[in-house]
Amino acid sequence: MEASRLMIMSARQPRNLVLLIMLMQIMFGLLQAVEEWQAVSEEEKLEMERQLKIINKSPVKSFKTDYGDIFDCIDIYKQHAFDHPLLKHHKVQMRPKHIPESMVRGKSPRFLPKHIKCPPGSVLIKRTTQEDLIMDKKIKALGLINYPTSSHFNTTGVGPIDLTIGNAYAAAHYFKHNFGAKTIMNVWNPTTLSDQASFAYLWIANGPADALNVVQAGWGVQPQLFSSNYTRLLTYWTVDGYRKTGCTNYLCPGFVQVHRQISLGMVLNQISIYNGTQSDIEIAIIRDGEWWLKLFNQFIGYWPQKLFYYMYGGANVAVWGGMAASPTNELSPPMGSGHFPKDGHQNKSAYFKQTRIWDNANFVDPEADKLLLSATRPDCYGSETAPDDAAPNAIVFFYGGPGQCNL
C-alpha cells in the first residue's frame, strides 16, 4: 500500500512541478506589472482606462485559460479593428476570394484548447489589460520591435534603417517582387529576462525607410508585454517604419479577426526539445485583396489593404528570421533553440523550412540568387541554409544562438 502511494506521488510530481513553475511565472509577471502600474501617474491611468474601454468591446462570451489569459467572443462587426478611421465602412471578408481550395486542406493547429470556440457571428480576441498597455508603451520606448535590415536594401526600393540599439537578428532576405510568403518554423521557448525578448518572424515589407510598410507574423517570448515567459503567436504591422503607426496583435485598430477559435497572443504550448521531438507551425502571409494571415490550414484574419500605401501592389522583400532584444547593459537572450546552426541542424537548430513565395497565383520556390543571409552579431547568433529534402528546389534556413553578448 505504501509503495503504491509513493508511486502515485512520484507520478504527480512532474505535473505539480509544471503547475508550480507556471504559477511562479504568472506571479512574477503580476508583481512586475504592479510596480510598473504604481509608477504611472493618475492622468496616465485615466487615459489607459479610456483606451481599454475602446479596445475591449463587450463580449458575448468569455473564456479564461490555464495561463491566466482571458479571451472574449466579440461581435465580428464591433471589433477594435473598425475603430481605425480608414476602416469605418469596411466590409468584412470571411476568407480570401481567389486562393485555391488546396490551401485550406491539410493539418489544423494542434494547440487549440478544445473548450474555446465562439458562437457564429463572433470572433475570438485576447482581452487587453492595463498591464498590456504599460508594457507596450515601454517596449516601443526601448525599441524592442524592429525590422531586420541589410545594406542591400537600397537596390530594392526599401531604404536603409539603422537597427535600434539593443536588437540583433539572424535572417534570410528575399529581394524580389512578391505577394507574400509562407514557411514552417519550429517553436522554441528561449529563456529571457523580464526586459528582454526573443522572436521568430516572417516579415513582408516594402517602401522607403521613413514610411516602411511591414506585416509580420510568427512566435515570440516577450515578458514585457505578456507578464509571462510563455511562447505566443505574435504579429505586428506598421506603415511608417515602426515610428508611430501599428502595434502588436490587437493593441491598436488594424487587424481584422475572422476566426472563432484561434486568437493572436495565444500560448503555443507544444515546444521543440533540443535533440528531441520538434514542434512546428506553418505560417503564411498572402495578398488576396487584403493581406491575409494563415496558420496551418486556417485563415485567422487580415490586415486590410487600405492601411498600406507601398504594399498596394505587393511587396519587394520577404524575410525569414530570428530577432533578440535586450537592454545594452545586460547579456542578450538566446535566439531559437539557443544553439548555433553550425553545431548541428537536425533536432538541434531553429529552422524555417519549406519557405515559399506567393506569386499571386501559386507558391513557388525562392530564386537562390535573390536570397541573402545575414547575422548582425555572428559571435552571438548564426544563420545557414541547406537543401530542403521535402522539395527539390527549396531550402531550409537555420538560425539562432546562445546570445550572452551586449547588443
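This note goes through the aromatic pairs and the charges over rings in a predicted model.

1. Residues are numbered from 1 along each chain as its sequence is written. Because the model is predicted, local features need pLDDT of at least 70 and side-chain atom pairs count only at pLDDT 80 or more, while totals for chains, interfaces and linings use all residues, and side-chain values use heavy atoms, with hydrogens and water left out.

2. The structure holds 14 aromatic pairs, where rings of Phe, Tyr and Trp (its six-membered ring) pair if their centres lie within 6.5 Å, and planes under 30 degrees apart count as stacked, over 60 as edge-to-face and the rest as tilted. Among them is the edge-to-face pair of Y309 and Y310, with 4.8 Å from centre to centre and 85 degrees between the planes. Y309 is exposed, at a relative accessible area of 65%, whereas Y310 is partly exposed at 33% (buried means under 20% relative accessible area, exposed over 50%, partly exposed in between, with a 1.4 Å probe and protein chains only).

3. The ring centres of W358 and F363 lie 4.9 Å apart with the planes at 55 degrees, so this pair is tilted. W358 is buried, with a relative accessible area of 3%, and F363 is buried as well, with 16%.

4. F363 also has K182 over its face, at 4.9 Å from the ring centre, and the charged end of R287 sits over the ring of Y312, 5.8 Å from its centre (a charge sits over a ring if NZ of Lys or CZ of Arg is within 6 Å of the ring centre and within 35 degrees of the ring normal).

5. Finally, one aromatic cluster is formed by F199, Y201 and W203.
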